[in-house]
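Subject: Structure for you to look at

Hello,

Here is the structure I said I would pass on. Please open it first, then read my notes.

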Amino acid sequence: MLHQIWHQINVPLLYATPVFFASIAIEALVLSHHDRDERTGYLAKDTRASISMGLGSLVFSALFKLATLVVFVFLWTYVAPWHIPINTWWSWLLLMVAIDFAWYCNHRFSHRVRIGWAAHQAHHSSEYFNLSTAVRQKWNPWSEAIFWAPLALLGFTPWTIYVAFMLNLIYQFFIHTELVGKLPRPIEFIFNTPSHHRVHHGSDPEYLDKNYGGILIIWDRMFRSFQQELHRPHYGLTKPIGTYNLLKLQYHEYGNIIADVRRTRGLRNKLGYIFAPPGWQPKDSAYQPANNPVESLATAGA
């Protein structure tokens, strides 16, 4: 039984992985024949770091799924007031919309709450924007459980939540590219596109903390976090980390949080360094936080 559920959860991503690698190779080949500046296309060591982070995330994601599946099954079995069928088209459509909204909420949380940003910043650490950037994933997806749990409470069968999430991520892989310009206006209005997602990865002041959507961009339009692409962004963190060390890329910001909490006084300030937006500092303190090159995209606007 467990084997069957595990197979169902992972099938979309297993099928997509070879397509990911083939797409990265094709894009790299195409860009190698284009006129480009130093930040367009691929850099070998940057791509190696992205792919290594992606492979590592598969391991941590598997552990995360096993742990949360137990919790979600409990919530769905004993707490959910009803169970939504899985054999109808409308239930899957409803789930895809629900998971996309949950993604928007989690994504916004991951930019606006420092402890969330500490995990998510690794995805934004590349100064390149290409399909390999899409697989530059975090190794600690703990916050996702907070936002997926309500779906089990609403009656969605737990294994279907993971399938829908994998389909959402597969879609997002293909919007990490500079080869696609703006699409027809109806598509740009409803869906997240390469143009919208380039904005999200930009470190320019006008692009900070914008376009959190997964498949749909309508959430950003509804909650005023949408920004049109005005010019080619400068990608990466507002303060580049300047390393390809995987452990530093993944966990450096957690170290900075610990250092800030230990050095500041007062419970309110300590909690602020954990739960306030990245870049937050106490108003009544001359304390200078730990030297932190991994600054959130939110910092300039915090």
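Predicted model: local features only at pLDDT ≥ 70, side-chain atom pairs only at ≥ 80, totals over all residues.

Residues are numbered from 1 along each chain as its sequence is written, and side-chain values use heavy atoms, with hydrogens and water left out.

Side chains of opposite charge can pair when their charged atoms come close. The structure holds seven salt bridges (a side-chain nitrogen of Lys or Arg within 4 Å of a carboxyl oxygen of Asp or Glu). Three of them are described here.

Arg136 and Asp46 form one, at 3.0 Å from N to O. Arg136 sits in the loop between helix 5 (131-134) and helix 6 (142-153), and Asp46 is 90 residues away in helix 2 (residues 44-78). Helices are DSSP runs of H or I with at least four residues, numbered from the N terminus. Arg136 is buried at 1% relative accessibility, and Asp46 is buried at 2%. Buried means under 20% relative accessible area, exposed over 50%, and partly exposed in between (1.4 Å probe, protein chains only).

Arg112 and Asp209 form another, at 3.1 Å from N to O. Arg112 belongs to helix 3 (residues 89-112), and Asp209 to the loop between helix 9 (194-200) and helix 10 (218-222). Arg112 is partly exposed at 27%, whereas Asp209 is buried at 11%.

Arg114 and Asp260 pair at 2.8 Å, N to O. Both residues are buried.

Regards

How values were computed
Helix = DSSP H or I, 4+ residues; strand = E, 2+ residues; numbered from the N terminus.
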